[in-house]
Amino acid sequence: MDQIPILMVGDCLLVSIQVDMHDQLALALQDSLMTKIVETGARGVMLDISSLQFVDSFIGRLLNNIASMARVLDAATVVVGMQPAVAITLVELGLTLSGIRTALNVDKGLALIRRIIDGEEQAFDRREG
Amino acid sequence: MIVEKDETIPVRTSEDVVRVRREVRERAVALGFGLVDQTKLVTAASEIARNTLDYGGGGELRIECLRDGNRRGLRLSFSDRGPGIPDIERAMTDGYTTGGGLGLGLSGAKRLSSDFAIRSSPGQGTVVILARWK
Ligand SMILES: Nc1ncnc2c1ncn2[C@@H]1O[C@H](COP(=O)(O)OP(=O)(O)O)[C@@H](O)[C@H]1O
Ligand SMILES: [Mg+2]
C-alpha cells in the first residue's frame with residue numbers, strides 16, 4: 001500500500017491507520033491530511049489508531065505535528081482507540097502526547113470533536129458580541 | 001545460556017524497518033511473550049532500527065532466541081559501519097538529538113529493555129544490543 005485513505009464524514013476527516021507505515025508513508029499521510037484540510041475546510045481530524053500495534057517516537061512526533069498543524073488550519077484533532085499495551089509502552093518510552101486530545105472510540109471521538117468545535121464557536125460569538 | 005535460534009536481517013531501507021518490527025513481533029509471540037512485553041520490544045527495536053538506518057547509514061539486525069534455565073528471551077543486536085557516536089553518555093540523554101527527532105530513541109529503548117548495551121567508536125560504527133526476558 002502506498003497511500004493511507006482519508007475519508008470525509010460531515011465536516012471531519014477520518015483516517016484509520018490499518019497498516020504498519022514506513023516513515024515516508026507516515027510523512028506522506030501528514031502532507032495529504034494538511035492538503036485535504038485546506039481543500040475541504042474540514043473542522044476536525046480523527047485518527048483511528050486502534051489497529052496500530054506500536055507508537056514509537058517517530059509516530060508520536062507525527063501525531064503531535066498533525067495536531068498542531070491542523071490547529072493552525074482551524075481544525076481540531078482527536079486520536080481514538082489507542083491500545084492499552086501501546087499506551088503503557090509510550091509512558092516508558094518517555095513520550096507524552098500532550099497536545100493531543102484522545103477518545104476511546106470513533107463515536108466518542110466524533111462527539112468530542114463536535115464539542116471542541118461548538119465550544120470554540122461559542123467563545124468566538126461571545127468575543128464578537 | 002543457550003542460543004536456540006539465530007537470524008540476521010538487513011536494515012537498509014525504511015521497509016526493512018517495518019520488517020524488523022514484524023520479525024521481532026513474530027519471535028516474541030513464538031516465545032510466549034505477553035502483549036505488553038511484545039509491544040515494548042517491538043517499540044525498542046523500531047527506535048534502534050531507525051537509528052541504524054538514519055544515522056548509521058544502514059546495517060543489520062541479528063535476532064537470537066535465548067534460553068537460560070526456564071527463562072526465555074530475545075536478544076537484538078543492531079550494527080552499522082556509520083560515523084559512530086562521539087559522546088555516548090550525551091546521546092543516551094532524554095531529548096538529545098542531532099537529527100531533529102525527539103531524542104528518546106536510545107534512552108527510551110534502554111528503559112523498554114531488560115538488558116541494554118551500546119558500543120561505538122568514531123569512524124568505526126555503532127553496535128546496540130538489547131534483550132528482553134519473559
Ligand atoms: N547508529 C548511530 N550512528 C550514529 N549516531 C547515532 C546512532 N544512533 C544514535 N545516534 C546519535 O544519537 C542521537 C540520539 O538518538 P535517539 O535517542 O534515537 O534520538 P533521535 O533519533 O530522536 O535523534 C542521534 O541524534 C544521533 O546523533
Ligand atoms: Mg532515534
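In this predicted model, a nitrogen atom of ligand 1 is placed 2.9 Å from an N or O atom in the side chain of B:D80. Backbone atoms also take part in the contacts of ligand 1: an oxygen atom of the ligand lies 3.2 Å from a backbone N or O atom of B:L102, and an oxygen atom of ligand 1 is found 3.1 Å from a polar backbone atom of B:G105. Ligand 1 would expose 540 Å² if taken alone, and 92% of that area is buried by the protein.

The surroundings of ligand 1 comprise 18 residues, with B:N51, B:Y55, B:T97, B:T98 and B:G103 being the closest. When this shell is divided by class, ten of its residues are polar, seven are nonpolar and one is charged.

Turning to contacts between charged side chains, a count over all chains gives 17 salt bridges. One salt bridge joins the side chains of A:R114 and A:D11, with an N to O distance of 3.2 Å. Because A:R114 belongs to helix α4 (residues 106–128) of chain A, whereas A:D11 lies in the loop between β1 (6–9) and β2 (12–16) of chain A, the pair ties together parts that are 103 residues apart in sequence. Side chains of opposite charge can pair when their charged atoms come close.

Methods:
Residues are numbered from 1 along each chain as its sequence is written. Chains are lettered from A and ligands numbered from 1 in the order in which they are written. This is a predicted model: local features need pLDDT of at least 70, side-chain atom pairs count only at pLDDT 80 or more; totals for chains, interfaces and linings use all residues. Side-chain values use heavy atoms; hydrogens and water are left out. A residue is near a molecule or strand if one of its heavy atoms lies within 4 Å of it. A polar contact is a pair of N or O atoms within 3.5 Å; within protein, one must be able to donate a hydrogen and the other to accept it, and residues adjacent in sequence count only if both atoms are side-chain atoms. Accessible areas come from the Shrake-Rupley method with a 1.4 Å probe; for residues, only the protein chains shown count as cover. Ala, Val, Leu, Ile, Met, Phe, Trp, Tyr, Cys and Pro count as nonpolar, Asp, Glu, Lys and Arg as charged, and the others, Gly among them, as polar. A salt bridge is a side-chain nitrogen of Lys or Arg within 4 Å of a carboxyl oxygen of Asp or Glu. Helices (H or I, at least four residues) and strands (E, at least two) are DSSP runs, numbered from the N terminus.
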